[in-house]
Amino acid sequence: MPRTALHRAPLPDQPESATATPLDSAQRAAAVLTLVFGCSSGAAVAASAAPDAAQAGTTPIDTATGEAATPPSAHAETHASGFERPWSMAFLPDGGMLVTERPGRLRVVRPDGGLEPVATAGLPDVDAREHGGLLDIALDPAFASNRLFYFSYTEADAEDLDAGNGLVVARARLSEDLARAEDTEILFRQTPKVRSLENLGGRIAVSGDGHLFITLGDRRVDEERGHAQNPAMAHGKTLRIRTDGGIPDDNPFVGRQDALPQVWTLGHRNPQGAFVHPQTGELWIAEHGPLGGDEINIARKGSNYGWPVVSYGCEYDTCAPIGAGTAEQPGMAPPLTYWTLPSAAPSNLLIYTGDELPQWRDNLFVGGLSSKAVWRMELFGPPEAPRVVRREALFSELDERIRDVRQGPDGRLYLLTDGSEARVIRVRRATPPEG
Ligand SMILES: [Ca+2]
């Protein structure tokens, strides 16, 4: 089977399902076959799925995609290379960038794309087993004057490695020469440590009004994931703190004895993408679902996003139903959009606002890990109540797992690949042919 078939959304003549249901039994059987035999049934599942059914109430959705490749209007090229298991990137005021590597290194990329050979010193020890390590980085909005940046990482139990790890978010000051992180302060520390090394979440996003959002995953193992519904535990949540680590007075669980005051939303599986919407100030997240249940959510104050009670996907290995066996339930917010199969395995996401690629302005972009693509979605309606009306997978010809996606200060899109020999890819406007 050509691999592009795995990325093809439903054909335009496929009926859209108007009801929101998880995978039916035929899809479940096909999903298990896909797991066992690779892509043997992937196209059949994709063709029968209705990925945007949650939004299909009144607006027809065009999910035709064409080929999953870079369109002629854009050109993808290597900007920087030589990274080991990178996770995130942040742009510096001079056009250079910082890139985190999960083994615990913060790397500096010069504006010309050259990689400084020595990592920035002074970061804490990290637990880089499985999904963990040094994860996200974000600069303070006033970084140019205060040199402050925020970062997330996993920390092992110092006494007992078998006790798993926890997510930590810290703030530090970057020296003028970029060589040292100084004055590190812990802003949030997940306690107790969780006996798992997976589904960590770990994305952070800074708002323009002095708040820091943090995503935490459910840690995957059966005995932990139910805590995604428990506001007293951090896993399976988004959190909202002040950029100095304080608790905002208007957080939804402030003053409750049975909840962490940092909790902003609950019921998430493994959110690895987050940004603050440039117009509404709302938190948008991308989360890894179970098999065939990846989601994009607008994470609104105090809302419950359903995991592990409801899902559009099913259990790995068996494709058994999740929780209540339904995709939606009263009191649980449905996703903005979701994938059935094949999964996107979403990493980070953004709304593109630049001038370099005007055909994509105001589109949502989502990095794909196992889908080895960047998903582009067209939104319709006001930014507070958008619908996804079209989506397609781009850049599949790169054949790279995409760990992060960002917009540069030059208006170009930057993609960070995954793995042991990773690179930063820059997407710019294609130069029209001469004549
Ligand atoms: Ca959900």
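A residue is buried if 20 or more other C-beta atoms lie within 10 Å of its own, and exposed if 12 or fewer do. The model is predicted. Most residues other than glycine have a negative phi, and most peptide bonds are trans. The points below describe departures from both patterns.

**Cis peptide bonds**

- The bond that runs from Thr-191 to Pro-192 is cis, and its omega is near -10°.
- Pro-192 belongs to the loop between strand E8 (181–189) and strand E9 (201–206).
- Trp-307 and Pro-308 are likewise joined by a cis peptide bond, with omega about -5°.
- The loop between strand E15 (295–299) and strand E16 (337–338) contains Pro-308.

**Positive phi at Asn-199**

- Although Asn-199 is not a glycine, its phi is positive, at about 45°.
- Asn-199 is located in the loop between E8 and E9, and Pro-192 also lies in the loop between these strands.
- Asn-199 counts as buried because it has 27 C-beta neighbours inside 10 Å, where 20 or more are required.

**Positive phi at Asp-399**

- Asp-399, which is not a glycine either, has a positive phi of about 55°.
- Its position is in the loop between strand E20 (387–394) and strand E21 (402–407).
- Asp-399 is exposed, because 10 other C-beta atoms lie within 10 Å and the class covers residues with 12 or fewer.

Definitions and conventions:
Residues are numbered from 1 along each chain as its sequence is written. This is a predicted model: local features need pLDDT of at least 70, side-chain atom pairs count only at pLDDT 80 or more; totals for chains, interfaces and linings use all residues. Helices (H or I, at least four residues) and strands (E, at least two) are DSSP runs, numbered from the N terminus.
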